Amino acid sequence: MLDVKTTLNESEERMEMAAMFLDEQLSRVRAGRANVAILDGIRVDSYGSMVPLNQVANVSTPDARTIAIRPWDKKMIRDIEKAIMDSDVGITPENNGEIIRLGIPQPTEERRKELAKQCNKIGEKAKVEVRNVRADVKDKLKKAIKDGLSEDNEKDAEAELQKLHDKYIKKIDDLLAAKNKEIMTV
C-alpha cells in the first residue's frame with residue numbers, strides 16, 4: 001500500500017528541485033551587473049580536456065560592471081578568450097597579458113524586456129514541473145484508493161499536496177519577481 005507521508009515528502013523534494021533549478025538558471029542571466037555565474041557554463045580546453053573556466057582561472061568582480069579573469073597559467077589566456085568568444089555570453093574579452101577583463105554593458109530597454117521574457121520562460125518550465133509533480137502524485141493517490149487507501153486519507157493527502165503546490169508556485173513567482181526587478185532596474 002502507498003505510504004502517503006513518504007509520497008508527499010518525495011513530491012516536496014521534487015518541487016524544491018524545480019525551484020532550485022530555476023534559481024540556478026536565473027543566476028546565469030546577465031542583468032547588467034557583473035556576476036561570475038554568467039561564466040559557469042563556459043568550458044576551456046586545458047591540456048587536451050574541457051574543464052570549467054573556474055578550474056583554470058580565478059574569476060572575480062572587482063566592481064559592478066567588470067568581471068576579471070586571472071588565469072593560473074598565463075599560456076591559457078588565448079584559450080580562455082576563445083572559449084568566451086565561442087560562448088553565448090555576448091561580451092568581448094580584453095586582456096593585458098595577465099588578466100582578462102569583461103566589461104558588462106548597461107542593457108538597453110529592449111534588451112531588458114527580452115531578458116525578462118527569457119526569465120519568465122524559464123520560470124514557466126519550473127511551474128510546469130511543479131504541476132507535473134502534483135499530477136503524478138494525484139494519480140498515485142487515485143490508484144492507492146483501489147489498493148485500500150481510505151478516501152478520507154486520500155482527500156487529506158490531496159489537500160496537503162495542493163498546499164505544497166501553492167507554496168512552490170509562490171516561491172517560483174517570488175524568484176521571478178526579484179529577477180525581473182533586478183533586470184528592469186537601470
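**A pocket, a helix and a serine**

Hi everyone. The lining of the largest pocket divides into six nonpolar, four polar and four charged residues. Here Ala, Val, Leu, Ile, Met, Phe, Trp, Tyr, Cys and Pro count as nonpolar, Asp, Glu, Lys and Arg as charged, and the others, Gly among them, as polar.

A word on the source: this is a predicted model, where local features need pLDDT of at least 70 and side-chain atom pairs count only at pLDDT 80 or more, while totals for chains, interfaces and linings use all residues. Residues are numbered from 1 along each chain as its sequence is written, and side-chain values use heavy atoms, with hydrogens and water left out.

Back to the pocket, meaning an open set of points on a 1 Å grid over the protein atoms alone, where a 1.4 Å probe fits, with protein on both sides within 12 Å along at least five of seven lines; lining residues have an atom within 4 Å of a point. Its 14 lining residues include R28, V29, I38, D88 and Q118, the closest to the centre. Helix α3, residues 109-146, contributes the most to the lining, with four residues; helices are DSSP runs of H or I, at least four residues, and strands are E runs of at least two, numbered from the N terminus.

Now helix α2, residues 77-86: I77, I80, E81, A83 and I84 are buried, meaning under 20% relative accessible area with a 1.4 Å probe, protein chains only, whereas exposed means over 50%. They sit on the same side of α2, because they cover an arc of only 160° around the axis, taken from the directions from the helix axis to the C-beta atoms. On the other side, R78, K82 and D86 are exposed.

Last, S46 in strand β1: at 12% relative accessibility, S46 counts as buried. Thanks, everyone!
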